[in-house]
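Q: I have a two-chain model open and would like to learn to read it. Can we go through it feature by feature?

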Amino acid sequence: MRHAWFIARRVIAELLRDKRTLALMFVAPVLIMFLMKLVFTANSTTGVTVATVGLPTNVRTALNDVKHVTVVKRGTEQAAKRALADQKVDAYIEKTAANRYRVTYANTDATKTALVKAGFGAALTAAGVKTLQQTVTKMGKTITVMSATIKKLSAAQAVAAAKAAGAAGGSAAAGTGATSGAAGTAGSSATTEAASDSTAAGDSAGAATSDTTATTKASTGKAAKVKVTNRYRYGNKDTGFFDKIVPILMGFFVFFFVFLISGMALLKERTTGTLDRLLATPVRRGEIVAGYMLSYGVLAIIQTVIIVLTTVGFMNVEITGSLFAVMVINFLLALVALAFGILMSTFAQSEFQMMQFIPIIVIPQVFFSGIVPLDSLADWVKNISYVLPLTYAGNAMTQVIMHGKGLLSLGLDIAVLLLFLAVLSALNVRGMRRYRKV
Amino acid sequence: MTATQMNLNHVVKRFGKQTVLQGVDLTVQAGEIVGLIGPSGAGKSTVIKTALGMEVADGGSATVLDTQMPNRALLGRIGYMAQDDALYSTLSGRENLTFFGRMKDVGKNALAPAIAHVAAVVDLTPDLDKRVAGYSGGMKRRLSLAIALLGDPELLILDEPTVGIDPALRRKIWRELDAVRDAGRGVLITTHVMDEAELVDRVALLLDGRVMAFDRPAALEQQYGVATIEDVFLKAEGVAL
């Protein structure tokens with residue numbers, strides 16, 4: 001295996017002379033991740049403008065109170081329609097009848113449509129709660145009046161009963177008792193109903209607004225503030241889509257660059273004849289593959305260090321697990337990518353043909369390795385992901401970075417990666433028999 | 001001086017349905033230069049690949065230095081120079097030599113003197129630390145030859161070593177080959193430059209996967225009754241003179 005070491009040194013020496021390729025490996029991932037962070041962070045603060053036609057004031061006010069929603073009033077449906085056509089508003093809402101609303105969306109941006117839908121729903125609930133509160137307050141007043149009347153009434157009755165005590169009319173006393181009991185029951189049941197209603201309204205109002213504001217006014221109307229403290233097991237309140245894809249993205253860059261550059265390097269050895277010359281020496285075929293693995297493994301580690309440092313340092317991504325585990329997984333993935341790249345290079349006649357593997361082998365990994373959630377997809381689509389090495393590396397990286405898992409609990413992912421590596425390497429060593437029979 | 005360095009005995013080689021070599025007999029003795037000439041597609045490269053063990057003969061036998069080919073370990077005792085330069089162009093001449101020296105298991109202490117020696121032989125000493133990318137075509141050929149000479153191989157196999165180089169350099173390379181021969185080693189060389197075929201000790205004419213004639217150039221010319229190897233070649237091919 002001494003030869004493998006010298007081959008690795010030569011491959012690295014060659015790469016060090018090729019500054020552009022080095023820059024591609026080390027700078028491009030950082031640049032792309034930085035751009036992705038910009039893009040995916042900007043998306044989370046979309047605002048919408050909604051035109052309203054003939055909406056009740058309380059609904060309109062409630063809608064305007066929803067975060068990221070701005071309301072503009074339009075006199076007629078025509079005016080609102082025009083505003084929508086001119087892209088001044090993202091949707092307009094009109095009242096068609098009592099409790100009947102019609103919302104027209106521009107629907108050119110699904111996030112905005114969803115925001116309007118959620119916002120209007122919340123506004124309707126909030127307005128409904130207010131109306132209910134007013135009714136409850138009114139009812140409460142009526143009940144107070146009623147119970148006062150009842151009190152007066154029963155007091156008068158008590159006086160009357162005292163007066164009639166001497167007469168000792170057993171049936172009459174039973175009759176008044178029954179009347180007073182009935183009145184009391186009616187009064188108390190009314191109170192219970194009102195109370196339970198107001199509790200339910202309070203719950204629904206809380207649910208509707210808790211998404212947008214942490215502090216919610218309690219529905220009792222007495223301005224009792226509820227404070228919600230949020231705690232996050234991973235990251236902080238700014239943690240978003242970008243943070244979710246970082247672990248997979250890290251693996252993807254390692255896979256992509258090692259696959260492409262190593263594949264091209266071996267292709268070049270073949271086309272320039274250096275592979276033939278190498279095979280005309282006593283070197284073992286396995287030593288050539290091992291030499292490439294050693295050199296590109298080292299490169300993958302350097303690349304991972306750079307990506308980790310920049311994502312943690314400048315993009316505030318949190319790594320919960322150990323950095324060592326991240327390195328080990330990326331190293332393993334790099335070896336798989338290398339074996340894959342070398343294998344594919346045997347099917348390519350030129351560098352351009354090597355590039356043609358990008359849409360066939362590299363891009364599917366982006367779609368099926370977990371960057372896009374696969375949970376809702378059909379089973380056969382999910383099955384595709386099981387044959388892609390990036391799926392396992394991405395999962396392992398997610399477990400380490402987001403859930404703080406150690407290498408020992410990732411046995412399955414690592415075992416599958418090792419299996420990929422063993423099979424692909426064996427195919428490579430075997431495949432080189434095409435060039436030399438021993 | 002009469003030890004056989006390479007012996008191809010009735011070698012048959014097929015690629016799919018096409019039979020490229022139909023029973024080739026070829027020997028290289030220690031201390032002689034054997035030329036292999038033939039038109040393109042005659043199977044010259046296949047003969048070399050079989051001798052190196054890159055390909056396995058489908059029939060007959062190929063032995064080099066008394067060992068049945070293919071044999072990986074034996075490759076360290078053969079110097080091979082391919083048709084194309086096959087150099088790492090981003091590395092310097094010295095780095096190329098060092099790398100291949102290590103692949104050929106030249107000892108650590110022996111490597112530096114060996115590099116200095118072969119570089120002097122091909123006249124590349126002043127340019128050793130320049131990158132190969134900046135070399136001229138002739139310099140690349142010479143470096144390629146230097147790599148083949150590394151490690152004092154007992155048998156040199158050269159595939160068209162003088163293609164595309166100027167006459168002065170060609171003469172220089174031939175002088176070096178003569179020196180290798182005089183040191184008692186065997187050389188197998190393919191060429192399609194006919195006047196070069198006059199310079200070898202024995203010449204083999206390869207036509208349609210068969211060795212049509214194999215003898216000293218002068219003997220062949222006499223046998224065919226012509227003045228040059230080129231005429232022998234044409235006559236063997238059946239072209240009317």
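Predicted model: local features only at pLDDT ≥ 70, side-chain atom pairs only at ≥ 80, totals over all residues.

Q: Start with chain A. How many helices and strands are there in chain A?
A: Count the elements before looking at detail. Chain A has 16 helices and six strands. Then look at burial. Of its 438 residues, 33% count as buried.

Q: What do the contacts in chain A say about separation in sequence?
A: Take the contacts between residues at least 6 apart in sequence. In chain A, 71% of these join residues at least 24 apart.

Q: Now helix packing. At what angle do helix 8 and helix 15 of chain A cross?
A: Read the angle and the axis distance together. Helix 8 (residues 241-272) and helix 15 (residues 389-403) of chain A cross at roughly 135°, and their axes come within 8 Å. An angle over 145 degrees would count as roughly antiparallel. Helix 8 and helix 15 of chain A are therefore oblique to each other. The crossing of helix 8 past helix 15 in chain A is right-handed.

Q: Which residues of helix 8 and helix 15 of chain A meet?
A: List each side in turn. Helix 8 of chain A brings V246(A), P247(A), I248(A), M250(A), G251(A), F252(A) and F255(A). Helix 15 of chain A answers with L390(A), A393(A), G394(A), M397(A), T398(A), I401(A) and M402(A). The contact of helix 8 with helix 15 of chain A has eleven nonpolar residues, three polar and no charged.

Q: On to chain B. In what order do the four strands of the open sheet in chain B run?
A: Strands of a sheet pair through backbone hydrogen bonds, either parallel or antiparallel. In chain B the order is 2-1-4-5, with antiparallel pairing. Strand 2 (18-29) and strand 5 (67-68) of chain B are at the edges; each has a single partner strand, so one side of each lacks a neighbour in the sheet.

Q: Over how many bridges do strand 4 and strand 5 of chain B pair?
A: Two. Strand 4 (residues 59-64) of chain B pairs with strand 5 of chain B over two bridges, in the antiparallel sense. In one case, T63(B) has Q68(B) of strand 5 as its bridge partner.

Q: Which strands of chain B does helix 1 of chain B lie across?
A: Check the face of the sheet. Helix 1 (residues 44-52) of chain B lies across strand 1 (4-15), strand 2 and strand 4 of chain B. Helix 1 of chain B runs at about 120° to strand 1 of chain B.

Q: Is helix 2 of chain B mostly covered or uncovered?
A: Count its buried residues. Helix 2 of chain B is mostly covered, with ten of its eleven residues buried. Among them are L97(B), F99(B) and F100(B). The cover includes helix 1 and helix 9 of chain A, along with helix 3 and helix 4 (137-149) of chain B.

Q: How does helix 2 of chain B pack on helix 3 of chain B?
A: Helix 2 (residues 93-103) and helix 3 (residues 108-121) of chain B pack at about 130°, with axes 10 Å apart. That makes helix 2 of chain B oblique to helix 3 of chain B.

Q: Last, the chain contact. How many residues of chain A are in contact with chain B?
A: Count both sides. In all, 23 residues of chain A are in contact with 26 residues of chain B. On the chain A side, helix 1 of chain A gives the largest share, six residues. That side divides into nine nonpolar, five polar and nine charged residues.

Conventions
Residues numbered from 1 in each chain as written. Chains lettered and ligands numbered in written order. Axes fitted to C-alpha atoms, helices over the stretch in contact; angles between N-to-C directions. Parallel < 35°, antiparallel > 145°, perpendicular 65-115°, else oblique. Contact = placed C-beta atoms within 7 Å. Nonpolar A, V, L, I, M, F, W, Y, C, P; charged D, E, K, R; others polar. Buried ≥ 20, exposed ≤ 12 C-beta atoms within 10 Å, placed from the backbone. Left-handed = near helix turned anticlockwise from the far one by under 90°. Pairing = 2+ DSSP bridges.
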